[in-house]
Amino acid sequence: MKTDEKFIAKQKKLLLAEKAKLEKKNIELEKYPDYGRGDDDSAREYEDFETNLSIEAQLKMLLKKVNSALKSIEKGTYGQCSVCKKEIESGRLKLIPYADICVSCKKNGKK
Ligand SMILES: [Zn+2]
């Protein structure tokens, strides 16, 4: 089955919007929080900085997925499961445009 071009165009739009959103969040997170000069403030700053680091790691991972999905659109392999090479269910792609494995592979915990 040839992948629907309209569907791909729509997914690309979603991916680009997601990418812009993630990049914006990433920039906000990179700013070290500054609440003041007191000891309590510094402790809180550090705590928030730590929290931000894990959020940042998640953001970066997502961004990577979004970017590779965009690349696969260009290569014409978008929507293909990276494990079993079958088509990923379109319902799943609508929910997660950057999904790179199909529902059954996900269930089987192959990735
Ligand atoms: Zn699969």
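What percentage of the contacts in the protein chain with a separation of 6 or more is accounted for by residues 24 or more positions apart? Please then take a close look at the contact of H1 with H2.

Guide: This is a predicted model, in which local features need pLDDT of at least 70 and side-chain atom pairs count only at pLDDT 80 or more, while totals for chains, interfaces and linings use all residues. Residues are numbered from 1 along each chain as its sequence is written.

Of the contacts with a separation of 6 or more, 53% join residues 24 or more positions apart, where two residues are in contact if their C-beta atoms, placed from the backbone, lie within 7 Å. The chain has 4 helices and 0 strands, these being DSSP runs numbered from the N terminus (H or I of at least four residues for helices, E of at least two for strands).

Turning to the part you asked about, the axes of H1 and H2 come within 9 Å and cross at roughly 155°; such axes are lines fitted to C-alpha atoms, for helices over the stretch in contact, and angles run from 0 to 180 degrees between N-to-C directions. H1 and H2 are therefore roughly antiparallel to each other, since angles over 145 degrees count as roughly antiparallel, under 35 as roughly parallel, 65 to 115 as roughly perpendicular and the rest as oblique. Residues that make this contact include Leu 15, Glu 18, Lys 19 and Leu 22 of H1, together with Leu 59, Val 66 and Ala 69 of H2. By class, the contact has 12 nonpolar, 2 polar and 6 charged residues, with Ala, Val, Leu, Ile, Met, Phe, Trp, Tyr, Cys and Pro counted as nonpolar, Asp, Glu, Lys and Arg as charged, and the others, Gly among them, as polar.

The largest nonpolar core has 6 residues, namely Leu 15, Leu 22, Val 66, Ala 69, Tyr 78 and Tyr 98, and the elements that give two or more residues to this core are H1 (5-30) and H2 (39-75). A nonpolar core is a set of buried Ala, Val, Leu, Ile, Met, Phe, Trp, Tyr and Cys residues joined through C-beta atoms within 7 Å, and a residue is buried if 20 or more other C-beta atoms lie within 10 Å of its own, exposed if 12 or fewer, and partly exposed in between. Of the 111 residues of the chain, 12% count as buried.
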